[in-house]
Each structure stands twice: as structure tokens, then as C-alpha cells.
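Work through the exercises below with the model open. Try each task before reading its solution.

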Amino acid sequence: MDTQSVLIQDISVRARDVDLGGRLSMQSLFYTMQEAAFDHSRLLGCGPAQMNAWGLAWVLSRVSVVMTELPRVWEDIRVTTWPGTAARLLYPRHFVFERANGVRIGAASTLWVVLDTVSRRLSPLGEGVTFPDTSALPAPLPPPGKLIMPDLSRAGVRRAQYGDIDIQGHVSNARYAAWVCDLFPAQTYQARAMTELHINYLSETAPDAEVELFMAQDGPAHCMRGVSGKTVKFEARAAFAGV
């Protein structure tokens, strides 16, 4: 296995990255994963700038995050990421999160697609890009699958505003995580932490679009769906743990 197969980054959790409980927020964790994925893709010849030159963009399709602990402000953590084996138009990528002493505190499994930025349709990756063989590395989590939703009740509405929109002109994957977290009262995060979050991104959300949010408890988990008009934008499943 060559030296570019795996990317390892050491980062410090800053005040901007944490919630009112002083723990890394899900939104910040999603941004951390995105930047690590982009940094590694640059080394592999398919970073955002190169993809843009081809008229393409990386888009997150599904994500599963399971944390046993969430790091606290000023704590140093290590992020390790590597691509899985691509299948058709799906490109897996895995993440492991560790404390500075090497203790694992969580993992994530993601599925990415390539978007043609003109047609807004899925596309194969640019010619000549070859991912390293990482089949010897076990996936830290099962691949994120389709989420099964119970009956849901309306919980509110969000309008996609300036702070939600990324460089691709749609709501960013991390902002959907923030929308999910915002469905719970702020004081929830003083006594508990969201340690598990699974999201299926089903359709782009453009600026100024209104998204109705629906929610229900399903055993120990909470399920959510975002709908604009008749189009389902995302579905999510989250779980909390005491701290």
C-alpha cells in the first residue's frame, strides 16, 4: 500500500467548533470530514480545483457517524481517512477519529457521488484518476444504507439562507447536520451529546427554498425528514448519549 493511500491529520478543536456544552458539534465534525476528504482527493489528483476544471464536483450522498465520545474545546484529535472501493457511481470514504493518545473515539462511513456542475446530473469521475487499493483496510463502520422512516409529524420549517449555501450553490452537507441538531432545544446539549447521526442526502436544496421538517422518535433514536414541495431533500436518524 503506497504512502498516499491514507491521509492522517492532527487538528485542534477550537472555540468556534464546539456547542454550548463545550463539545465538538456535529456541524463542525462534518466540516472536518469534508476538508480531510478534499485534502486527500487533491493528493490523489481529483481535488476540488481539478474537479472544477473538468466541470465536476464531489457531493456527499450518504453518511453514518458513530462517536463513543465527542472531543472538547482545545483538545487535539487525529483524523484518518481513506477511500474505499468504488462501485458504479458511488465512491466510499472512511474516517477514524482518535485522541492524541491513540484512543479511538469514533468513526464514519460515507458515500460520495460526482456531480456534473452544468447538467446537475451524476457523472463518472474524470479519466485517468486511479484510487489506491485499500481493500486490506477494514471499514470502521458498515456502508451507510437507506434509512427506514416511521410516521413523522411536522416539526418546523427552514429557509435555505446565505449561511447554508456552499460553493456549489446548494445547502452544504454540514448545514443539514446543523438543521437536525436545531430540532432539539439548546439545553438538550448541556446534559446529552448527539453521538450518532446518519443522513441520506436525496435532492439539492437551492438558496431561498423553504424546507418543511418532520420528526418522530423511534425507540432510542430520532428520525427526521426535510421536504420542499413534493421533493424529499434529506432523511436523517440521530441518537444521544449522556455525558
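This is a predicted model: local features need pLDDT of at least 70, side-chain atom pairs count only at pLDDT 80 or more; totals for chains, interfaces and linings use all residues.

Residues are numbered from 1 along each chain as its sequence is written, and side-chain values use heavy atoms, with hydrogens and water left out.

**Exercise 1.** Find how many disulfides the model has.

Start with the rule: a disulfide is a pair of cysteine sulfur atoms within 2.5 Å. Next, take Cys181. Its closest cysteine sulfur is in Cys223, 15 Å away, so a bond is ruled out by distance. The count by this rule is 0 disulfides.

**Exercise 2.** Decide which strands pair with strand E5, and explain why E5 counts as largely enclosed.

Strands (E) are DSSP runs of at least two residues, helices (H or I) of at least four, numbered from the N terminus. Two strands pair if DSSP finds at least two bridges between them. E2 (residues 56-67) pairs with E5 antiparallel, over 11 bridges. There, Arg62 sits opposite Leu111 of E5. E4 (residues 91-99) also pairs antiparallel with E5, over 8 bridges. Val96 has Ala107 in E5 as its bridge partner. Now burial: buried means under 20% relative accessible area, exposed over 50%, partly exposed in between (1.4 Å probe, protein chains only). E5 (residues 104-116) has 11 of its 13 residues buried, so the rest of the structure largely encloses it.

**Exercise 3.** Locate Gln168 and list its contacts.

Gln168 is in the loop between strand E6 (153-159) and helix H3 (173-182). Its relative accessibility is 25%, so Gln168 is partly exposed. Contact means heavy atoms within 4.5 Å. Beyond neighbours within four places in sequence, Gln168 touches Ala57, Thr117 and Arg120.
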